[in-house]
Amino acid sequence: MKKLLTLSLFASLLNACGGNELDNIKNAKIEGYNSTWGESADKLSACKSGTQQWKKVEDSTRRGREVVLFECEATEQAIAPYIARQEENAAAQQTHPSPQATSAKLRLNISHSADGKGKEYEAYLGIALTFADNSTKKLAITGIKEVGKVIAENQNPIEKILPDPLTKHKTYSSQSIFQ
């Protein structure tokens, strides 16, 4: 009984000292869903198996907020829609396609208000694409509801940041139909 009391006291001290920020955020429910950030992110099908990592982040620019980061490498299937849109756009423009996306890293940044000021939770989902010519492009999905929906519904984040499809404009002769 004494050991149990000591262990309970130690756990309370760790929690009070902020030793559990990572677990607190991972175990927080995604607003509007019956799942947690940790459960949903760890099962995200856009991530290559074994590449998922969680870590607490020290961010001096976000005073009063606890910040955690989830990262993973995207699967080839997750990147495929981006490549397809690149090819569609190149065909519509009748140009050579730009260098093909070869990999992507997903970075889910979740912060929690430790001091009760501002929004309780904030989320940002960054996507860093790397192309065949070693160039990179960073895109993002922002907003707690938008990011929460992508994560909780196991959507492919890359499909949310696809380049807009090109529209074909019809040109008409300079003659007016009113002549």
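Reader: What pattern does the chain follow, read along the sequence?
Author: Along the sequence of this predicted model, the pattern is α-α-α-β-β-α-β-β-β-α. That gives five helices and five strands in the chain.

Reader: How much of the chain is buried?
Author: Of the 179 residues, 35% are buried. The chain exposes about 12,000 Å², with carbon and sulfur atoms supplying 51% of that area.

Reader: And the contacts, what share join residues at least 24 apart?
Author: Counting contacts between residues at least 6 apart in sequence, 58% join residues at least 24 apart.

Reader: Switching to helix 4. Which of its residues are buried?
Author: Ala78, Ile79, Pro81, Tyr82, Ile83, Arg85, Gln86, Asn89 and Ala90.

Reader: What do they pack against?
Author: The buried residues of helix 4 pack against strand 3 (101–113), strand 4 (121–131) and strand 5 (136–142).

Reader: What span should helix 4 have, and what does the model give?
Author: Helix 4 covers residues 76–93, and its 18 residues should span 26 Å at 1.5 Å a residue. The end C-alpha atoms are 25 Å apart, which agrees.

Reader: What comes after helix 4?
Author: Gln94 follows helix 4, with a positive phi near 55°.

Reader: Salt bridges next. How many are there?
Author: The count is five. One of them joins the side chains of Lys55 and Glu71, at 3.9 Å from N to O. Lys55 is in strand 1 (residues 53–57) and Glu71 in strand 2 (residues 65–73), so this pair ties together parts 16 residues apart in sequence.

Reader: Is Glu71 buried or exposed?
Author: Buried, because its relative accessible area is 9%, under the 20% cut-off. Lys55 is partly exposed at 42%.

Reader: Which salt bridge does Arg107 make?
Author: Arg107 also meets Glu71, at 3.3 Å from N to O. Arg107 lies in strand 3 and Glu71 in strand 2, so the pair links parts 36 residues apart in sequence. Arg107 is partly exposed, with a relative accessible area of 39%.

Reader: Last one. Where is Ser35, and what does it touch?
Author: Ser35 is in the loop between helix 2 (21–26) and helix 3 (37–42). Leaving out residues up to four places away in sequence, Ser35 touches Ala28, Lys29, Ile30, Ser40 and Ala152. Ser35 is buried, with a relative accessible area of 14%.

Note on methods: Residues numbered from 1 in each chain as written. Predicted model: local features only at pLDDT ≥ 70, side-chain atom pairs only at ≥ 80, totals over all residues. Heavy atoms only, no water. Helix = DSSP H or I, 4+ residues; strand = E, 2+ residues; numbered from the N terminus. Expected span 1.5 Å × (residues − 1). Buried < 20%, exposed > 50% of the residue type's maximum accessible area, 1.4 Å probe, protein only. Contact = heavy atoms within 4.5 Å. Areas by Shrake-Rupley, 256 points an atom, 1.4 Å probe, with all protein chains shown as cover. Salt bridge = Lys/Arg side-chain N within 4 Å of Asp/Glu carboxyl O.
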